[in-house]
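Dear colleague,

Please find below the structure I wished to pass on to you, together with its sequence. My notes on what was found follow directly after it.

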Amino acid sequence: MSKKILLPFGGIPLILTAQSCGEKTPAEQPKPLNIVYIMCDDHSYQTISCYDRRYMETPNIDRLAEEGTRFTNSFVANSLSGPSRACMLTGKHSHKNGFTNNEHGVFDGSQQTLPKLLQEGGYLTAMVGKWHLVSDPTGFDYWDILTGQGDYYNPVFIREGERVVRRGYSTDVTTDVALDWLSSLGGDKPFCLFLHYKAPHRSWMPDLQDLGAYDDKEFPLPDTFYDDYSTREAARKQEMSIIADMNVIYDLKMADRENTIHTPDNPALESYGRDLYRKDLPDGELVPGRMDSLQQAAWDAYYDPLIAEFKAANLKGNALSEWKFQRYMRDYCSVINSVDRNVGRVYDFLKEHGMLENTVIIYTSDQGFFMGEHGYFDKRFMYEESFRTPLIVRMPDGWKTPADIDAMVQNIDYAPTILEIVGLPVPEDIQGKSFLPLLQGKDPSAIGWRKALYYHYYEYPAEHSVRRHYGIRTARYSLMHFYNDIDEWELFDLATDPAELHNLYGTPGTEALTDSLKTELRLLQELYQDPITE
């Protein structure tokens, strides 16, 4: 394969081969590259079968990996939806882009972002689906976004300022909007489509066709499900436990017609649960975020027997905890079925329209997610299941990229990578690094690739009560500092303790290692100009 180089041409980036530097007629010029960036909300790498085959099959996502590259050490900078999205859009850590948490954050849309830089380089840009950054999108030629967290059924969109209710299931509808936009393009300009799904965000409501898809599967209980959090105070003080905090009505849909399930710890959740799965919609009426009567009938036909069985069982103790885990996993994986189908729809559209030959497809999630590890659901922690995120990149036909890349990449790297792929300059103030050289097969050590990652989580006090913390992760070790109303350090040897159960901080014999990691941590804080240091 001839060596590929990047050359700007008339303001529009082109990828040419080293053998094609002579004059070309317009018909012979290679097409500029398009970008389709697909991002889910809370999609764990554990539920993508090219990463982990224990739980489910995802053939369409796997196809991207088979034809492209799977990143095996992909991480985020702040494991929370809004802040993670801001990091991706800006290529900067949270303290630099200004969006540190969902509770009080409003994204400053006037700042430099990836879509704006692409527009300046001649690209058409579109944002479709979940935005979750409070302010209106900027830098997009077209935007059509879900309101807030979005609804699974009959979702409300804001289409360039206009509210629109669309009938159907959110993942399908979001894909419909995206493909309609692609169909409207004239083909004279390259494009970058940001396609962001709500799924599989809490409370994991499957498409009707996927109800019961995993009812015959017994999911393996994680080895750490009954973690006692010994030596880890912050891990113990969270409020994201499947056992203690997952609600059978709000999360697991056990809100029956008679509303006889009670939650003494929070009675308001019962009425909220009834409203969430409301049964009283007039036939044919479309209410934003609510099921119509036909959808509700199908929902009830599935859930009513489950609710009756659950009430009759009157589960207690570990039996109840493990029932909640199975119910959670079945709902979550059922939601992923729709994601995988729609990834297939996007792929097929690009193939049918002759776009695969010049379109980069990226698949990722805004962060990782706990699938019962440590007894948790949700994310936020710097622990591996939350910190890691899936990342698959399928380069256009003709590119030969590594099947796997093991070097550590982070979501602040997405913006500079996309810019370099399409031949646009990367501004000096972007903190991420382009991993295009890794996709080109270059050895990480030969190009001076990073050997450590920096992480900082800010949202506390807030839902789930995960304490603020920052930290460093190297190939072998993870060191984090929990602060604010707590002062605790945690140190893990990922080679001997990949489940992060045994906090080594302060144990005899780890002094030199700890000092070395703290020195590296301070250097990263200085590099990224984080005002919070140890």
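**Strand pairing and the sheet**

In this predicted model, Leu124 stands opposite Phe191 of strand β10. The pairing behind this is that of β6 (residues 124–130) with β10 (residues 191–196): the two strands run parallel and are joined by six bridges.

Both strands belong to an open sheet of ten strands with mixed pairing, ordered β9-β8-β7-β6-β10-β3-β11-β12-β4-β13. At its edges stand β9 (162–165) and β13 (404–405); each has a single partner strand, so one side of each is left without a neighbour in the sheet.

**Helices across the sheet**

Two helices deserve mention here. Helix α9 (residues 317–352) lies across β3 (34–40), β10, β11 and β12, and runs at about 170° to β11. Helix α1 (residues 59–67) lies across β4 (69–71), β11 (359–365) and β12 (391–394), with an angle of about 60° to β12.

**The chain as a whole**

The protein chain contains 13 helices and 18 strands. Of its 534 residues, 62% are buried. Taking contacts between residues at least 6 apart in sequence, 66% join residues at least 24 apart. The accessible surface of the chain comes to about 20500 Å², and carbon and sulfur atoms account for 50% of that area.

With kind regards

Key
Residues numbered from 1 in each chain as written. Predicted model: local features only at pLDDT ≥ 70, side-chain atom pairs only at ≥ 80, totals over all residues. Heavy atoms only, no water. Helix = DSSP H or I, 4+ residues; strand = E, 2+ residues; numbered from the N terminus. Buried < 20%, exposed > 50% of the residue type's maximum accessible area, 1.4 Å probe, protein only. Contact = heavy atoms within 4.5 Å. Areas by Shrake-Rupley, 256 points an atom, 1.4 Å probe, with all protein chains shown as cover. Pairing = 2+ DSSP bridges. Axes fitted to C-alpha atoms, helices over the stretch in contact; angles between N-to-C directions.
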